[in-house]
Every structure is written in C-alpha cells, then in structure tokens.
Amino acid sequence: MTTAVKISDGRGQGLPRDPSQDNDKHLQAHGHHQRRGRWTRFQPVLYVLPVVILSGLFIYYCIAFTVWASFTNWDGLSDQMGFVGMKNYTKLLDPSSVFWVALRNTLIFLVVTVVIQAGLGLLLAVILKERMRGSNFFKAIFFLPISMAPVIIAAIFRIIMDPNVGSINEALRALHLGFLAQTWLGDPHIALFSICAINIFEWMGYSMVIYYAGLLSIPDEVYEAAKLDGAGFWTTLFKVTVPMLSGTTNTLIVLGIVGSLKTFDIVMLTTGGGPGRSTEFLATYLYKLGIQQFNGGLSAAVGVLVLVVAVVLSLGQMAVAKRSGN
Amino acid sequence: MKRKMSMTVIMYAVLVFFLLIWIFPIWTAVSKSFNINGFGNYATVINNPDVHYFRVVFNSFFISISTSVIVVFITSLGGFSFSKMPFRGSKIIYLLLLACMAVPVASVTMPLFFTIKAFGLTNTYLGMILPMVAFNALQMLLLWKNYFDGLPDEIIEAAEVDGAGTFRIYSRILMPLSVPMIATTGVLTFVYSWNEYLIPLLIVRDETKYPVTLASTYFMETRSQTPEMVAQMYAALILMTIPSVIVYLISQRWLQSGITAGAVKS
C-alpha cells in the first residue's frame, strides 16, 4: 500500500515549481538591460547546463577516465595507476586473447538478432497494419517483454531452457519431438544461439512497433499505384514497402549495434559467459576483468576497444545507408 | 482495402503461431508458480526474511521515479533551449551530447564504479540515480528537441508580447501543453530505469537498497532445483515483474509512441 501512495505522490508533483519563480524574476531583471530585449544572452546557456553537466560531462569524463586508465596497471580499486604504455592493448590484441572470442560472439549475436528481430518485426507489423480483429491484443503481447527487466526474462528462460526440468524440452517430448531436446544453455555450440533467442523474445516487439509507425507514414496512394501496376503481396512488400522503410531499418541497425555491445544482463544471468568462453561477450569480459579479477587497466582497454567498435560500426552503417539511399 | 479470405486465414495463422511462442515462457512461469503450494509460494516469497519484497519494490519505484522526474525536467528544459533559443555553439554541444548515445554503459564500467565511489555515493540511491540520469537523458533530449522543433514559434512569440520571461514560457505555457510528451519521456525513462541491472550491480552492496533487478538474482542463486524451489522462484520473478507490467499496461500508448518517436526521427 505504501508504494502505491508513493507513486501517485511522485507523479502528481510533476516538475518542481519553486525554483522557477526565483529564476523568473532574476532573469527578467537582467532581460531589461539586454539590447534586443528578447532572450537574455545567458538564459539559453543556463537551460542546457543541467543536461550538459549531468549527462554530457559525466559521460565524457567517464570516457576520458577509461582512455587514461587503459594505459595503466590500475587494479580498479586503489588510487594507484602506473603508466604501462600500450601493454594492455598488446595483451588484448594478441591472437590468443579472449578479446577476439568475445568480439566474435558479440558480432554473431549482433547479426543474428538484428536480422531476425527486423525481419519478424516487419512481417508482424505488415500483418498488424491490416487492423484485423484482435490486432491490438497481438501487438500488446509482442510488446510486453520490453516492459519486463532483461534480468527477469533471463531468469525465466534459464529454468525453461534447463535440459531436465525445463519446459522447452518437456514440450518437445510431449509433441514426440524429443530428439530436438537440447542442453540449450550448456552446449557450447548452441548456447550463443539460445541467448540470441532470449534477446529476440525481449526486443522483437521494439522493431515491430517501429516498423508499424513507419508503415503508417507510407501514403496509401503508393499502395494504390502498386496495385494498379498489378503488383502482388510479395512484390509490393519487397519493391515498395521495404525500400520505403530503409530509414527505419537503418535506425534499427544502429540501435542494434549499440544494444549488442552493451548486452550484459541476459548473458551474465543465463550462462555467465560459458560453457568455457563460448558465450563470452565484450561487456561480460570487461566486467569480469575489472570487477572480479581486479584488472582495471585491462578492463578499461576493453572499454576503449568497445567504444572504437561502436563508432566504427555506427559510422560504417550510416555510410552504407547514405550510399544506398541516393 | 479488400482482402482475400485465404490471405486473412494465413495472416491469422502467422499471428497465432508467433503469439504461442511469445506466450509460452510467460504462461509457463505463471502456471508453474502455483505448483505444489499454490498461492503459498507467493506468501513464502513475500515473507522471505532475506529479501524484503515491499522494500525492494519501494526502492525500484523510488529510483525510477526520481530518475524520471530529473530526466524529464533537464531534457525538456535543454530541448527547449536547443530548439527555440539557439546560441553560438549550441549546435555543436547538442551533437556532442547525442554522440554519447553510442556509448554503451558497459564500456565505462570501471570509471563509473570508481567515480561514484570517490564521491562517497556507493550504497546510496543517489549513486544509482545519477548514472541512470546520465545515460537516459540523451535519448529523451533527442525526443524533446524534435518535439519542440515541431511546435510553431508563434506560441512563444505571443507569450513574449505579453512580457513573459523564458522560464515562465517554459513552465506556464509549454509544459502544460506538453503533457503527452512528459508522459512519453517519463514512462520511457521509468521503464528503462526499472529494468537497469548493471548500474545497481556496480553501486550497491547493501541489501536494503536493492532494486528488483538485483533482488531477483537472489532467488536464482539457490542452486537446488527441487520442484518446490522452482515454483517459488517463478513466484518471486512474477512478483518482481508485476509492478512494471502494471505500469506498462497503464502507459502502453505513451511507451510505444516514445519509442517510435525516438527511432523514426533520429
């Protein structure tokens, strides 16, 4: 009960009002002295300051810190940071390093999840756009996992995917498909794809909703014209709809890149990166190095490389999109 | 638009097929949570002396609502300025801020942990709220800037003629006008904060400050997989999810419009 009261309190309050009045008078007083008498010169700057300080400076400071720490032998806890030059990087980029395994897993995950989420999301969005009876219900269910924490979803799937008591294998056996039963999270050849499946379950609704909005923005005339030209369902889909949604697809790919680079919860709570290193991701590797093995310098170097990968992939994707768009 | 009967059947078949896949995990969790002891499983979880359920839910609400209020305030104010009052260098600052959207939280794990520790904010609500504000603000700033770009300047000019200061225009005219946008960005930030796992994991050791995401892992750590334990674990997970699902059901419309606004315009 107490929590319920708390919610309405927090919501009802909305924005803090009191400082506004002080500010108002203060700024207006200055306004009179301004030449243009329109916006005082520092007001606009003042308004962006909170977000610049709390978000921009905070993140850029963290990045600068990461870059600096990556050249040291910092343990992640103490103040002592001895400069070691490129040592962390040569260690990480060594062909036998776990870094490459983590990078490969992350990239496989990126491609598999983005392709399936986009493909399935588009298919369902196209069907839902027909506004058949019950389509809102379907939409709500497909979107529901987004409101659930990845931690919870990972936890549910960890039991469902259990080889002995898990419901997936139970269901397969009940359907006389027992030969398909697997050690979903324990088999090094399958575990990575099981994690992809969990991610798709969580995020497919996101792609679907975005495509749905994109579809609504395509004018009906376009479809009528296609119909007059005698285009069937599939022709219309691939020759009209998909090209017109290329901007949306591009957005989804960029979001997918950042999303897979930060994928942590699902992996940590299902396989923990195992068996062996078969599901090690960049984010989990970085966490283990820094927090569990007290190797802050090396962990920071992974962080820098993750940033480099994020920037390179995002810029690359935008360049490809630009070229194909024109 | 006319549609062939066979097409309708195929479309329903596709929808139902995927619906079954999507419902399967949720249905399994719900039905198995009642195994053996029925509602007793839920009672056991709520009465668990190690994880104070109501405390944990309160923590999550407190953290998520605080983050939302701060994010909505600073990003609407910033978006207003970036959109309607551009100043020398504001475009560059805006782009530098948006570039941070490509920074995964995980890549700055170590400095985040260390900085919060240096400020003495380990094990505090503020220690969790500040990083959540930092990493959620960027997307919301983008939404607000795009939103204000779409508002006609006349609204502001009319108010100026009446002699209203810029903060008055913001607080008395623009904000009351933007309730749907406040809801969208607020709900989006709320859900993202509620679901956040890495930040609390780094900052909090004190169990009385645990949000639901950390508390859920407590129930997963019990290794023994007796049917009784599994049933209890499902009950725990459902109890931890219920508040955010309720928020979702109430705010579905805003949540979806927020996500699409952010993605379609960027």
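T67(B) has a relative accessibility of 0% and counts as buried (under 20% relative accessible area, with exposed meaning over 50% and partly exposed lying in between; 1.4 Å probe, protein chains only). The residue belongs to helix α3 of chain B, residues 53-84; helices (H or I, at least four residues) and strands (E, at least two) are DSSP runs, numbered from the N terminus. Apart from its neighbours within four places in sequence, T67(B) is in contact with I129(B), M132(B), V133(B), N136(B), T189(B) and S193(B), where contact means heavy atoms within 4.5 Å. The model is predicted, so that local features need pLDDT of at least 70 and side-chain atom pairs count only at pLDDT 80 or more, whereas totals for chains, interfaces and linings use all residues. Residues are numbered from 1 along each chain as its sequence is written, chains are lettered from A and ligands numbered from 1 in the order in which they are written, and side-chain values use heavy atoms, with hydrogens and water left out.

For chain B, the unreviewed UniProt entry lists residues 52-80, 92-113, 125-144, 173-194 and 229-250 as "transmembrane region". UniProt positions are given in the numbering used here, feature names are shortened, and annotations may be inferred rather than shown by experiment. In the model, residues 52-80 of chain B are 97% helix and 0% strand, with the end C-alpha atoms 42 Å apart. Residues 173-194 of chain B are 95% helix and 0% strand, and here the end C-alpha atoms are 31 Å apart.

Helix α5 of chain B (residues 109-118) has eight of its 10 residues buried and is therefore largely enclosed by the rest of the structure. The buried positions in α5(B) are T109(B), M110(B), P111(B), L112(B), F113(B), F114(B), T115(B) and I116(B). G120(B), which follows α5(B), has a positive phi near 70°.

Chain A contains 15 helices and zero strands. Of its 326 residues, 51% are buried. Among contacts in chain A between residues at least 6 apart in sequence, 62% join residues at least 24 apart. The "transmembrane region" annotation in UniProt (unreviewed entry) covers residues 45-71, 107-128, 140-160, 190-213 and 298-320 of chain A. Residues 107-128 of chain A are 100% helix and 0% strand, with 31 Å between the end C-alpha atoms. For residues 140-160 of chain A the values are 71% helix and 0% strand, with 23 Å between the end C-alpha atoms.

Between the two chains, 113 residues of chain B are in contact with 103 residues of chain A. Chain B and chain A bury about 9,800 Å² between them, of which 77% is on carbon and sulfur atoms; buried area is the accessible area (1.4 Å probe) that two parts lose on being put together, summed over both. L15(B), W22(B) and M110(B) supply 8% of the area that chain B buries against chain A, more than any other three residues. Across this interface, 13 residue pairs are in polar contact, both residues being at pLDDT 80 or more. A polar contact is a pair of N or O atoms within 3.5 Å; within protein, one must be able to donate a hydrogen and the other to accept it, and residues adjacent in sequence count only if both atoms are side-chain atoms. The side of chain B that touches chain A divides into 80 nonpolar, 23 polar and 10 charged residues. Ala, Val, Leu, Ile, Met, Phe, Trp, Tyr, Cys and Pro count as nonpolar, Asp, Glu, Lys and Arg as charged, and the others, Gly among them, as polar.

Over all chains the structure holds five salt bridges, each defined as a side-chain nitrogen of Lys or Arg within 4 Å of a carboxyl oxygen of Asp or Glu. One salt bridge is found across the interface of chain B and chain A. In this pair the closest N and O atoms of E170(A) and K32(B) are 3.3 Å apart. E170(A) lies in helix α8 of chain A (residues 167-174) and K32(B) in helix α1 of chain B (residues 5-32), so the pair joins two chains. E170(A) is partly exposed, at 36% relative accessible area, whereas K32(B) is buried, at 18%.

Within chain B, D153(B) forms a salt bridge with K84(B), the closest N and O atoms being 2.8 Å apart. This pair links distant parts of the chain, as D153(B) is in helix α7 (residues 153-161) and K84(B) in helix α3, 69 residues apart. D153(B) is partly exposed, at 39% relative accessible area, and K84(B) is buried, at 13%. D149(B) and K145(B) also form a salt bridge, with 3.0 Å between the closest N and O atoms. Both residues, D149(B) and K145(B), lie in helix α6 of chain B (residues 125-150), four residues apart, about one turn of the helix. In chain A, R277(A), E280(A) and K288(A) are linked in a network of salt bridges.
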